[in-house]
Amino acid sequence: MQLRDQTAIVTGAASGLGKEIARTFAAHGAKTVVADLDAQGAETAAAEIRQAGHEAMAVAIDVADEAQVESGVARV
């Protein structure tokens with residue numbers, strides 16, 4: 001899987017399966033966005049990805065709220 005020059009927004013990525021998906025996408029070259037309700041958890045996960053030498057940012061998003069999704073995507 002080659003994701004160089006692609007941006008991946010992974011929801012629920014502060015922990016568990018979402019976090020592993022974010023790590024995998026980053027390892028394959030994606031600019032990874034860790035999106036989660038837990039803003040601090042998202043930042044921690046994004047920092048771990050950056051420490052591994054990859055691009056990552058965190059955004060706090062409630063995917064059930066359309067306005068938050070639009071705002072989060074605009075920040076990306």
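Contact here means heavy atoms within 4.5 Å. The legends below describe close-up views of a predicted model.

View 1. Ala-8 belongs to strand β1, which spans residues 7–11. With residues up to four places away in sequence set aside, Ala-8 touches Phe-25, Ala-30, Lys-31, Thr-32 and Val-33.

**View 2. Thr-32 in strand β2.** Thr-32 is located in strand β2, residues 31–36. Its relative accessible area is 1%, so Thr-32 counts as buried. Beyond four places in sequence, Thr-32 touches Ala-8, Val-10, Ala-22, Phe-25, Ala-26, Ile-49, Glu-55, Ala-56 and Met-57. A polar atom of the Thr-32 side chain lies 3.3 Å from the backbone oxygen of Ala-30.

**View 3. The largest nonpolar core.** Ten residues make up the largest nonpolar core: Val-10, Ala-13, Ala-22, Ala-26, Val-34, Ala-42, Ala-45, Ala-46, Ile-49 and Ala-56. Helices α1 (16–27) and α2 (39–51) each supply at least two residues of this core. Helix α2 gives the most, with four residues. In soluble globular proteins, nonpolar side chains tend to be buried together.

**View 4. Contacts of Ala-13 and Gly-18.** Apart from neighbours within four places in sequence, Ala-13 is in contact with Gly-18, Lys-19, Ala-22, Val-34, Ala-35, Asp-36 and Ala-45. Gly-18 is part of helix α1 and is buried, with a relative accessible area of 10%. Under the same exclusion of sequence neighbours, the contacts of Gly-18 are Val-10, Thr-11, Gly-12 and Ala-13. Gly-18 and Val-34 are 16 residues apart in sequence, and their C-alpha atoms are 8.5 Å apart in space.

**View 5. The salt bridge between Glu-48 and Lys-19.** The model contains four salt bridges. In one of them, Glu-48 pairs with Lys-19, and the closest N and O atoms are 3.0 Å apart. Glu-48 lies in helix α2 and Lys-19 in helix α1, so the pair ties together parts that are 29 residues apart in sequence. Glu-48 is partly exposed, with a relative accessible area of 30%, whereas Lys-19 counts as buried at 17% relative accessibility.

View 6. Glu-20 forms a salt bridge with Arg-23, with 2.8 Å between the closest N and O atoms. These two residues are separated by about one helical turn, because they are three residues apart in helix α1. Glu-20 is partly exposed at 38% relative accessibility, and Arg-23 is partly exposed at 34%. Glu-43 forms a salt bridge with Arg-50, in which the closest N and O atoms are 2.5 Å apart. Glu-43 is partly exposed, with a relative accessible area of 33%, and Arg-50 is partly exposed at 35% relative accessibility. Salt bridges that share partners join Lys-19, Glu-20, Arg-23 and Glu-48 into one network.

**View 7. A nonpolar patch on the surface.** Ile-9, Val-73 and Val-76 form a nonpolar surface patch, and together they have about 220 Å² of accessible area. Val-76 is found in the segment after α3 (66–75). With a relative accessible area of 39%, Val-76 is partly exposed.

Terms used:
Residues are numbered from 1 along each chain as its sequence is written. This is a predicted model: local features need pLDDT of at least 70, side-chain atom pairs count only at pLDDT 80 or more; totals for chains, interfaces and linings use all residues. Side-chain values use heavy atoms; hydrogens and water are left out. Patches are made of residues with over 30% relative accessible area and no salt bridge: like charges are joined within 9 Å, nonpolar side chains (Val, Leu, Ile, Met, Phe, Trp, Tyr) within 5 Å. Accessible areas come from the Shrake-Rupley method with a 1.4 Å probe; for residues, only the protein chains shown count as cover. A salt bridge is a side-chain nitrogen of Lys or Arg within 4 Å of a carboxyl oxygen of Asp or Glu. Buried means under 20% relative accessible area, exposed over 50%, partly exposed in between (1.4 Å probe, protein chains only). A nonpolar core is a set of buried Ala, Val, Leu, Ile, Met, Phe, Trp, Tyr and Cys residues joined through side-chain atoms within 4.5 Å. A polar contact is a pair of N or O atoms within 3.5 Å; within protein, one must be able to donate a hydrogen and the other to accept it, and residues adjacent in sequence count only if both atoms are side-chain atoms.
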